[in-house]
Each structure stands twice: as C-alpha cells, then as structure tokens.
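Please read them with the structure open beside you.

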Amino acid sequence: MRRRAALAGALGGGAAVLVAAAAGLVLTHYTAGSASAQTPAKLSVSGGYIPQPLLTDLAAAYFTVTNSGGSAAELTSVSTPLAAHVTLHTTTGTTMEQVGALTVPAHGRLTLGVGGNHLMLENLDRKPRVGAKVTLTLRFTHATPATMTVTVPVRPTTYHPEG
Ligand SMILES: [Cu+2]
C-alpha cells in the first residue's frame, strides 16, 4: 500500500512537470497569436438563386453570405459547371462594375441581390430552366474552409425573394 502510494506520488510529480511544460507552450503560443485575437471568419451561405436567363449565354446569381466570426473574409472567385466564366460585380446606381473581391464583414453579411452585388455567369453551356439546380463553388480568403460549394435553384426571371 505504501509502496503504491509512493509510486503514484512519483508519477504525479512527473505529470505535474509535464503539465507545467505544456502550459508554458500554450502560454507562448497564445502570446504569439494575441496580436490578432479576433475569432476567424465563420461563413454560411443562404438564399441563393439564379433568375432564369432570357439571354442564352448570360445569367446573374444571388445569395447571402453570413459571417458569425470576428474576422472579415473576402469572396474572391466563383466557378460553376453552368458557365465558362464567372465574375463578381457591384452596382452603383445603374452602373455595374467588375471587382476582384467582395468583403464579408466580421459579424455581418455580404448580400448579393437584384440591383446590387451579383455574380455574372457568362458563356453558359446551356439555358437553365426554372427548377433546375446549379452548383456554385465559392472561394474565400481569410476563411476556413476556404472553399464552399452550394447548390442554388433557377427561379423565374421576375422572382424576388421576400424580406
Ligand atoms: Cu454585372
């Protein structure tokens, strides 16, 4: 009995040293990373759709990216089997402009919608019908995961989401 207690004590002492060493490592790591103490971007995509294109080779795509994390992320590119070429656009008044990235603010959202930010899908390989599903692969910087794949429906050309 006494022998076992002594052994346990010896092991316990060893474990305490290990814990202290580990705590030192954690502390060092924390200090090194404390310059950017915000939580990373955490993204989800909702409400996506593509209005049925009236032109054969051009379509828009809309969705909302919500960021529940404490760091901003950037949507930098999108690809889809539907179109050979996808670009990011902003709209100011009646003028749209291609941009290299769209920001998803920390604890905020990036909204793509009619009359505002949108994706432009060019050189469609087919004319999608209402009810068809289209896969979009979104690539982000400063986000984990950096790539998200969503499937969005094709809606009637005049469709407007509620809210
Ligand atoms: Cu556009």
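1. The protein chain contains one helix and ten strands, and the order from the N terminus is α-β-β-β-β-β-β-β-β-β-β. Of its 163 residues, 20% count as buried.

2. Confidence. The mean pLDDT of the protein chain is 84, with 77% of the residues reaching 70 or more. The stretch to treat with caution is residues 5-35, where pLDDT stays under 50 and the model has zero contacts beyond four places in sequence. Where pLDDT is low, the predicted coordinates should not be read in detail.

3. The nonpolar core. The largest nonpolar core has 27 residues, and those with the most contacts inside it are Leu 43, Ala 61, Leu 75, Val 104, Leu 119 and Leu 121. At least two residues of this core are supplied by each of strand E1 (43-51), strand E2 (58-67), strand E3 (73-79), E4, strand E6 (102-104), E8 and strand E9 (133-141). The largest share, five residues, comes from E2.

4. Surroundings of Leu 121. Which residues does Leu 121 touch, not counting residues up to four places away in sequence? They are Leu 58, Ala 59, Ala 61, Thr 80, Leu 82, Ala 83 and Val 86. Leu 121 and Ala 61 are also both listed with the residues that have the most contacts inside the largest nonpolar core.

5. Pairing of E4 with E8. Strand E4 (residues 83-92) runs antiparallel to strand E8 (residues 118-124), and six bridges join them. Within this pairing, Thr 87 has Met 120 of E8 as its bridge partner.

6. Pairing of E4 with E5. E4 also pairs with strand E5 (residues 95-99), again in the antiparallel sense, over five bridges. Two of the positions can be checked directly in the model: Thr 90 has Glu 97 of E5 as its bridge partner, while Thr 91 stands opposite Met 96. The two strands form a hairpin with two residues between them, and in the turn Gly 93 has a positive phi of about 65 degrees.

7. Exposure of E5. Is E5 largely buried or largely in the open? The number of buried residues among its five is zero, so E5 lies largely in the open.

Conventions
Residues are numbered from 1 along each chain as its sequence is written. This is a predicted model: local features need pLDDT of at least 70, side-chain atom pairs count only at pLDDT 80 or more; totals for chains, interfaces and linings use all residues. Helices (H or I, at least four residues) and strands (E, at least two) are DSSP runs, numbered from the N terminus. A residue is buried if 20 or more other C-beta atoms lie within 10 Å of its own, exposed if 12 or fewer, and partly exposed in between; C-beta atoms are placed from the backbone. Two strands pair if DSSP finds at least two bridges between them. pLDDT is the predictor's confidence in each residue, from 0 to 100. Two residues are in contact if their C-beta atoms, placed from the backbone, lie within 7 Å. A nonpolar core is a set of buried Ala, Val, Leu, Ile, Met, Phe, Trp, Tyr and Cys residues joined through C-beta atoms within 7 Å.
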